[in-house]
Amino acid sequence: MALVEIQNVSKTFKTMMAGARGEVHALSGVSFSLERGEIVAITGASGCGKTTMLRIIMGLEQASGGSVVVNGRKVSACGYDRGMVFQHSELLPWRNAVQNVAFGLELKGMDKPTRVAEAQRYLDLVGLGHAAERLPHQLSGGMKQRVGIARALAIGPDVLLMDEPFGALDAQTREGLQNELLAIQAKTQQTIILVTHDLDEAVLLADRVVVMSRGRVAEMLDVRLPRPRPSLAALRGDPEFGDKRLRLWKLLKTEMDADARKAA
Ligand SMILES: Nc1ncnc2c1ncn2[C@@H]1O[C@H](COP(=O)(O)OP(=O)(O)OP(=O)(O)O)[C@@H](O)[C@H]1O
């Protein structure tokens, strides 16, 4: 059995607009799965349901139908088997880096010396061992995201969920963090589901790309690039990279053109 099984998930939001009740069908019939150690990227046009899907996997949102099973357990709420990294790291401003990383371990009931040592180990893993004592306002955007990644990894999740984790960073910092994520994953074999608008990022990081369109899976592309993978700059000349990047771009362009025709 796969580590993560997403089966026929649907989600309808009830809305109230100008006093009138309505419904938004955000997801319908979404199914895909992940083996342990895989990285799957979810991409698609704005509003196609990527974040809703990730929030349902995390247990932050209830599906209207279907199921998510992680390591044999059906998801009904948040749990330590899943960790999440958001676009903005959402660190606690009054806690320094190591205390932020230790937070989840504290909630898990780990004693102080052990959790501080564990948190320090994960800060070292993301290359921030030297900044353990710094408060969030003393960290750059990229450093804050690394603390967020360390915090999510420290709880030892079966699957790490990442919602546009590098989307708010400048291009150079983003590329650095993509490479670091590849290195961390090569070391830990962490299973990851990543939502991204960035097609380069999707092909660079993922074993499979799930392309969503209007709440459904439009296509799944296998990325047959061997691991460990080199940096984005080195991959750009690779025919497999170019082929998958182009196919993704065409799929998304077709969707966007169809949306534009509908709106006209
Ligand atoms: N709480 C909510 N109430 C009502 N509608 C919602 C809610 N959350 C999301 N939606 C709607 O569900 C659909 C999917 O939203 P979602 O945020 O999952 O899309 P997305 O693909 O992540 O978009 P983006 O790329 O812009 O972040 C959209 O039509 C959105 O307006």
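1. Which residues surround the ligand? The shell is made up of Phe-13, Thr-15, Val-24, Ala-26, Gly-44, Ser-46, Gly-47, Cys-48, Gly-49, Lys-50, Thr-51 and Thr-52. A residue is near a molecule if its C-beta atom, placed from the backbone, lies within 6 Å of it.

2. Two points on conventions. This is a predicted model: local features need pLDDT of at least 70, side-chain atom pairs count only at pLDDT 80 or more, and totals for chains, interfaces and linings use all residues. Residues are numbered from 1 along each chain as its sequence is written.

3. Back to the ligand. Its shell divides into four nonpolar residues, seven polar and one charged. Ala, Val, Leu, Ile, Met, Phe, Trp, Tyr, Cys and Pro count as nonpolar, Asp, Glu, Lys and Arg as charged, and the others, Gly among them, as polar. Strand 1 (4-17), strand 2 (20-34) and helix 1 (50-58) each supply at least two shell residues. Helix 1 gives the most, with three. Helices (H or I, at least four residues) and strands (E, at least two) are DSSP runs, numbered from the N terminus.

4. UniProt, in an unreviewed entry, lists residues 4-239 for "domain: ABC transporter". Positions from UniProt are in the numbering used here, feature names are shortened, and annotations may be inferred rather than shown by experiment. Over residues 4-239 the chain is 33% helix and 30% strand. The end C-alpha atoms of that stretch are 30 Å apart.

5. Helix 5 (residues 171-188). This helix has 18 residues and reaches 25 Å from its first C-alpha to its last, close to the 26 Å expected at 1.5 Å a residue. The expected span is 1.5 Å times one less than the number of residues. Arg-174, Leu-177, Gln-178, Leu-181, Ile-184 and Gln-185 are buried. These residues lie on the same side of helix 5 because they cover an arc of only 130° around the axis. The arc is that of the directions from the helix axis to the C-beta atoms. The face turned away from the buried side carries the exposed residues Gln-172, Ala-186 and Lys-187. Buried means 20 or more other C-beta atoms within 10 Å of the residue's own, exposed 12 or fewer, and partly exposed in between, with C-beta atoms placed from the backbone.

6. What covers helix 5? Its buried residues are covered by elements including strand 3 (39-44), helix 3 (112-125), helix 4 (141-154), strand 8 (191-195), helix 6 (199-205) and helix 7 (232-235). Contact here means C-beta atoms, placed from the backbone, within 7 Å. Gln-189 follows helix 5 and has a positive phi, near 60°.

7. Helix 2 (residues 97-107). Its buried residues are Ala-97, Val-98, Asn-100, Val-101, Ala-102, Gly-104 and Leu-105. Helix 3 and helix 4 are among the elements that cover them. Just after helix 2, Gly-109 takes a positive phi of about 90°.

8. Helix 8 (residues 239-263). Its 25 residues should span 36 Å at 1.5 Å a residue, and the end C-alpha atoms are 36 Å apart, which agrees. Lys-244, Leu-248 and Leu-251 are buried. The buried residues pack against strand 3, helix 6, strand 9 (208-213) and strand 10 (216-222).

9. Glu-255 sits in helix 8. Glu-255 counts as partly exposed because it has 18 C-beta neighbours inside 10 Å. Glu-255 touches Ala-45 and Ser-213, not counting residues up to four places away in sequence. Val-210 is 45 residues from Glu-255 in sequence and 14 Å away in space, C-alpha to C-alpha.

10. Ala-2 lies in the segment before strand 1. With 15 C-beta neighbours inside 10 Å, Ala-2 is partly exposed. Ala-2 touches Ser-33, Leu-34 and Glu-35, leaving out residues up to four places away in sequence.

11. Backbone points to check. Most residues other than glycine have a negative phi, and most peptide bonds are trans. Asn-8, in strand 1, has a positive phi of about 55°. Asn-8 is partly exposed, with 13 other C-beta atoms within 10 Å. Glu-164, in the loop between strand 7 (159-163) and helix 5, has a positive phi near 45°. The peptide bond from Arg-227 to Pro-228 is cis, with omega near 0°. Pro-228 is in the loop between strand 10 and helix 7.

Conventions: Two residues are in contact if their C-beta atoms, placed from the backbone, lie within 7 Å.
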